[in-house]
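This report describes pockets, a surface patch and some backbone angles of one protein model. Please keep the structure in view while reading.

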Amino acid sequence: QKTCLITAGPTFEAIDPVRFIGNRSSGKMGIALAEAAAMAGAQVELVLGPSKLDIQHPNVQVHRVQTALEMHEKATSIFPQCDLAIMAAAVSDYRPSTVATQKIKKSSDNLRIDLVRNPDIAADLGRQKKTNQLLIGFALETNNAIENAQQKLKKKNLDLIVLNSLENKGAGFNHDTNQITIIDQDNNLKKFELKSKDLVAQDIIETLVDYWNT
């Protein structure tokens, strides 16, 4: 039985006890992947950000996190025991350098927040990846999609990258559908039609099984 780490959902970076910086990820794609991987017989370790969604499956262990730092800590601690990892979460690239302990009051027309960069989870896993492990990343692009995804694949030491292009209608955040292209290290492209995220997840898992067995 393969053990599969999956990250899913957004991350929320606190500004004060009330406000946060986040993104529009629902977690649908990552949860669909966890379901498909579990149905294929894998033991799934799902690191799930603050999504409203949940999953109940005997083969899925859910680890709830809020921030990018929490997701990084959980993912890097779980990965060494896994056969493969799928980085489907939409992780915040930046977080506020300081978090106010009290709600920030309105005092002027402008509010400046200093942001610092979050660690790159996929890249850090790529650095610790062993030869018998697979690492799969996601790229959400708005322009030069193929070229940008290929650069990410090489830079982060991924085996495969799943490209979502927001140029495609019905793909990306807050949709029940997605349209993907899977790219390998030899720049082979496998393009799929617009499908429900459940069917997209099955396509990804089937591609991984084929890739593993070649």
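## The largest pocket

In this predicted model, several helices and strands each contribute at least two residues to the lining of the largest pocket. The helices are H1 (28-39), H3 (121-128) and H4 (145-155), and the strands are E1 (3-8), E9 (134-141) and E10 (160-165).

The volume of the largest pocket is about 1100 Å³. Its lining comprises 42 residues, and those nearest the centre are Ala-89, Ala-90, Val-91, Phe-138 and Lys-152. By class, the lining of the largest pocket contains 17 nonpolar, 16 polar and nine charged residues.

## The second largest pocket

The second largest pocket has a volume of about 240 Å³. It is lined by 13 residues, with Lys-2, Ala-42, Leu-84, Ile-205 and Val-209 closest to its centre.

Helix H5, which covers residues 197-213, gives the most to this lining, namely five residues. The lining of the second largest pocket is made up of 10 nonpolar residues, two polar residues and one charged residue.

Four residues, Tyr-94, Leu-111, Ile-113 and Leu-115, form a nonpolar surface patch of about 380 Å². Of these, Tyr-94 belongs to strand E7, which spans residues 94-96.

Is Tyr-94 buried, exposed or partly exposed? The relative accessible area of Tyr-94 is 42%.

## Two asparagines with positive phi

Which residue in the loop between E9 and H4 deserves attention? That residue is Asn-144. Although Asn-144 is not a glycine, it has a positive phi of about 45 degrees. With a relative accessibility of 48%, Asn-144 is counted as partly exposed.

A positive phi also occurs at Asn-187, again a residue other than glycine, where the value is near 65 degrees. Asn-187 is located in the loop between strand E12 (180-184) and strand E13 (189-191). Its relative accessibility is 36%, so Asn-187 is likewise partly exposed.

## Summary

The model has a largest pocket of about 1100 Å³ and a second largest pocket of about 240 Å³. Positive phi values are found at Asn-144 and at Asn-187.

Key. Residues numbered from 1 in each chain as written. Predicted model: local features only at pLDDT ≥ 70, side-chain atom pairs only at ≥ 80, totals over all residues. Heavy atoms only, no water. Patch = residues over 30% accessible without salt bridge, like charges linked within 9 Å, V, L, I, M, F, W, Y side chains within 5 Å. Areas by Shrake-Rupley, 256 points an atom, 1.4 Å probe, with all protein chains shown as cover. Salt bridge = Lys/Arg side-chain N within 4 Å of Asp/Glu carboxyl O. Helix = DSSP H or I, 4+ residues; strand = E, 2+ residues; numbered from the N terminus. Buried < 20%, exposed > 50% of the residue type's maximum accessible area, 1.4 Å probe, protein only. 1 Å grid on protein atoms, 1.4 Å probe; cavity = no way out; pocket = protein on both sides within 12 Å on 5 of 7 lines; lining within 4 Å. Points joined across faces, edges and corners; volume = space filled by probe spheres on them. Nonpolar A, V, L, I, M, F, W, Y, C, P; charged D, E, K, R; others polar.
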